[in-house]
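Colleague: I should like to learn how to read a predicted model of a complex. May we go through the features one at a time?

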Amino acid sequence: MTERPGDDLSSPLVPSDPTARATTAPGPAASDPTAADETVPGTAAVDAAVPRGAMLRADGVTLAYGSTVVVHDVALAVGDGGVGLIGESGSGKTTLARALLGLLRPHSGTIRYGSRDLGSLDRKGRAEFRRAVQPVFQDGSEALDPRMTVEASISEALTTHHRMDRAARRARVTSLLEDVGLDPAVAVRKPHQMSGGQRQRVAIARALAVEPRLLVLDEPTSALDVTVQARILDLLERLAAEHGLGYLLITHNLGVVDRLCDTSHVLFAGRVVESGSTRDLLTRPAHPYTLALRDAVPRLGGKPPRPSGRTEAAPAASGCPFRLRCPLATDVCRDQPPAAREVEGRRVACHRAEEVLAGVPNRPVSR
Amino acid sequence: MTAPGPSGAPVAPLPLRRTALSRLVGGLAGVDRLALAGAVLLGLIVLAALLAPWIAPYPDDGGSATHPLEALLPPSGAHWFGTDQVGRDVLSRVLYGARTSLVIAVAVLALSGIVGVVLGVVAGYAGGWERDVIMRVTDVFLAFPALLLSLALAVVLQPSVTTVIVAIAVTWWPWYARLTASVAASVSTRGFVDSACCLGVPAPLIVFRHVLPNSLTPVLVQLSLDGGGVILTAAALSYLGLGAHEPTAEWGLMVQQGQSLFTTDWWVVTFPGLAILVTAFAFNVLGEGLRARLAR
């Protein structure tokens with residue numbers, strides 16, 4: 001996995017947690033002795049994937065609705081700066097976000113805030129966690145109570161943790177609205193009286209009201225018009241820099257992570273299939289899925305994108321989950337789930353990563 | 001027109017300042033005609049009930065007055081709806097009866113609405129064992145035929161208007177609990193509830209500040225639809241001698257007392273019967289109108 005021996009924060013992952021493996025189909029995280037041997041301490045990519053002193057960290061997290069496992073044995077960490085989590089709809093990214101926000105208890109594995117498990121936080125610790133980690137959801141109209149004015153929504157955030165008199169609250173609401181680029185006059189409006197972009201700005205102002213240290217951004221722009229998306233991304237980038245915020249950016253949009261995240265993880269069918277520096281992932285993908293995602297991005301004036309592989313197939317239940325969509329899949333992919341391993345500076349869970357990197361042409365392979 | 005905000009974000013113009021009159025007119029124009037008709041009819045009935053002592057031609061006849069010499073007079077200029085067995089003016093008694101029926105309807109809807117909504121919203125938000133416990137209890141109540149349970153209760157308690165209210169409310173609240181629970185459960189999955197949770201807002205505040213107000217609309221529609229049903233049930237209980245009793249003016253009771261006279265003195269039973277019909281109809285029309293408006 002992504003942690004190294006000697007890193008005391010992350011050491012008790014798979015070995016000490018037998019349930020994680022019992023309930024999970026052996027996925028990329030399955031402890032393959034050879035993979036563990038290959039994990040050379042101090043490799044740059046590993047540092048990038050799981051920064052030291054991470055504020056929010058998931059280790060071996062498996063999430064399930066009833067008996068349906070939607071996230072398998074995922075490890076990631078967010079501290080300073082931006083971390084991207086890329087995946088298409090149904091890949092489990094929103095479920096993972098909810099777990100990281102403490103809204104969902106992991107089936108197995110741990111989510112830690114600093115050095116403490118979220119599940120075992122006391123009242124005070126929980127309040128501290130709530131202040132430190134704030135979400136921005138996909139749609140501002142969902143994140144704001146339709147019956148509350150902007151001022152009431154933001155005031156709720158202000159008064160949840162501190163007493164504040166009316167005048168101070170007013171002043172703070174005004175400064176927060178200005179901070180996110182809104183006319184303070186919108187304070188009297190209700191969500192349905194604003195545009196999508198304005199609502200998202202209000203949702204951001206509300207999240208900032210508690211002075212968080214980390215934001216979990218779950219598709220923060222995908223419900224918006226393209227021009228508005230760019231403005232909201234500008235805003236998030238500026239605010240993160242000004243307030244020194246770390247953030248986890250969850251998206252299916254590669255352009256967005258390219259701009260805002262140094263490190264990224266690619267999620268497929270609830271498993272992290274590739275992680276490393278965003279630049280590496282986008283310029284030289286090592287996993288065929290990352291490659292397919294990148295090739296699916298339309299370019300202005302270019303040929304229509306032609307994603308590689310059979311993109312509609314459901315994830316496979318055995319072996320490599322991506323094999324039914326993979327142009328390079330072979331018998332090994334059918335028989336053995338690929339373990340995560342180190343390939344050219346990133347972690348990738350693919351038997352044929354070297355060939356992907358070498359640029360093997362996409363061709364159907366008989367199975 | 002939109003004016004640019006401080007950093008170029010467009011700010012849509014605020015709605016024009018509205019006067020009370022324009023708001024009233026605008027509100028009326030937006031309301032469904034059916035709902036409006038129901039509201040007007042119900043408004044008239046409420047007005048009649050409120051003004052009964054002033055508009056009733058013989059205010060004393062609302063109570064225990066008797067005029068044996070004027071018994072069972074057919075409708076005429078002096079007694080529009082005729083008189084009953086003891087010579088009381090039927091129109092006056094119908095007007096006073098509106099008071100009894102409306103008090104019963106409002107009290108039952110308020111009692112069962114409050115109990116049902118509070119239990120339902122807690123069940124819907126909490127899920128888990130809290131939901132199971134509350135829903136099983138409502139199932140037990142729903143397992144009895146409503147009228148039968150009301151009857152049993154009314155028999156055990158002393159017959160009176162209060163008894164009628166309690167007996168009906170006991171069988172009525174589980175419906176609101178069920179409806180509210182299902183609405184609240186779906187409201188609880190919405191982003192603003194998650195987002196309040198992430199702010200660290202305590203659960204009771206989330207329930208009463210966010211979940212409850214956003215779950216109320218369908219319950220209000222159901223309440224107005226049920227007004228008619230409550231009045232009919234109350235009339236049925238009084239008719240069976242388990243509710244209001246002489247000399248209280250109550251429509252169900254008046255129907256019961258007049259039914260044996262139907263072939264000879266039709267007016268004694270017909271007018272209170274019509275009053276029940278019209279009031280139940282007004283509630284239903286209002287409810288249907290509100291529901292139609294919601295569906296749009």
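**A residue and its surroundings**

Modeller: Leaving aside its neighbours within four places in sequence, Pro184(A) is in contact with Thr174(A), Leu177(A) and Glu178(A). Two residues are in contact if their C-beta atoms, placed from the backbone, lie within 7 Å. This is a predicted model, in which local features need pLDDT of at least 70 and side-chain atom pairs count only at pLDDT 80 or more, while totals for chains, interfaces and linings use all residues. Residues are numbered from 1 along each chain as its sequence is written, and chains are lettered from A and ligands numbered from 1 in the order in which they are written.

Colleague: Where does Pro184(A) lie in relation to the helices of chain A?

Modeller: Helices (H or I, at least four residues) and strands (E, at least two) are DSSP runs, numbered from the N terminus. Pro184(A) belongs to the loop between helix H8 (166-179) and H9 of chain A.

Colleague: Is Pro184(A) buried, exposed or partly exposed?

Modeller: A residue is buried if 20 or more other C-beta atoms lie within 10 Å of its own, exposed if 12 or fewer, and partly exposed in between. Pro184(A) has 19 other C-beta atoms within 10 Å, so it is partly exposed. Of the 367 residues of chain A, 50% count as buried; of the 296 residues of chain B, 43% do.

**Chains and sheet**

Colleague: How many helices and strands does each chain have?

Modeller: Chain A has 15 helices and 12 strands, and chain B has 11 helices and 2 strands. Along the sequence of chain B the pattern is β-β-α-α-α-α-α-α-α-α-α-α-α.

Colleague: In what order do the strands of the open sheet in chain A stand?

Modeller: Two strands pair if DSSP finds at least two bridges between them. The open sheet has 8 strands in the order S6-S7-S8-S3-S9-S10-S12-S11 (chain A), and its pairing is mixed. Strand S6 (133-136) and strand S11 (341-343) of chain A each have a single partner strand, so one side of each is left without a neighbour in the sheet. From one strand to the next the twist averages 20 degrees.

Colleague: Which details of the pairing may be followed at S6(A) and S7(A)?

Modeller: S6(A) and S7(A) run parallel and are joined by 4 bridges; Val136(A) has Leu217(A) as its bridge partner in S7(A). Strand S7 (residues 214-218) of chain A also runs parallel to strand S8 (residues 246-251) of chain A, with 5 bridges between them. There, Asp218(A) has Ile250(A) in S8(A) as its bridge partner. In S6(A), Val133(A) and Pro135(A) point one way, Gln134(A) and Val136(A) the other way, and all are buried.

Colleague: Which helix lies across S6 and S7 of chain A?

Modeller: Axes are lines fitted to C-alpha atoms, for helices over the stretch in contact, and angles run from 0 to 180 degrees between N-to-C directions. Helix H9 (residues 196-208) of chain A lies across these strands, at about 175 degrees to S6(A).

**Core and contact between chains**

Colleague: Which residues touch the most other members of the largest nonpolar core?

Modeller: A nonpolar core is a set of buried Ala, Val, Leu, Ile, Met, Phe, Trp, Tyr and Cys residues joined through C-beta atoms within 7 Å. Among the 160 residues of the largest one, they are Leu100(A), Leu248(A) and Leu249(A). H4(B) gives the most to this core, with 16 residues.

Colleague: What is the mean pLDDT of chain B?

Modeller: pLDDT is the predictor's confidence in each residue, from 0 to 100. The mean for chain B is 86, and 89% of its residues reach 70 or more. Among the elements of chain B, strand S1 (residues 3-4) has the lowest mean pLDDT (46) and helix H4 (residues 90-126) the highest (94). Where pLDDT is low, the predicted coordinates should not be read in detail. Over residues 1-10 of chain B, pLDDT stays under 50. For the complex, the predictor gives an ipTM of 0.76 and a pTM of 0.76.
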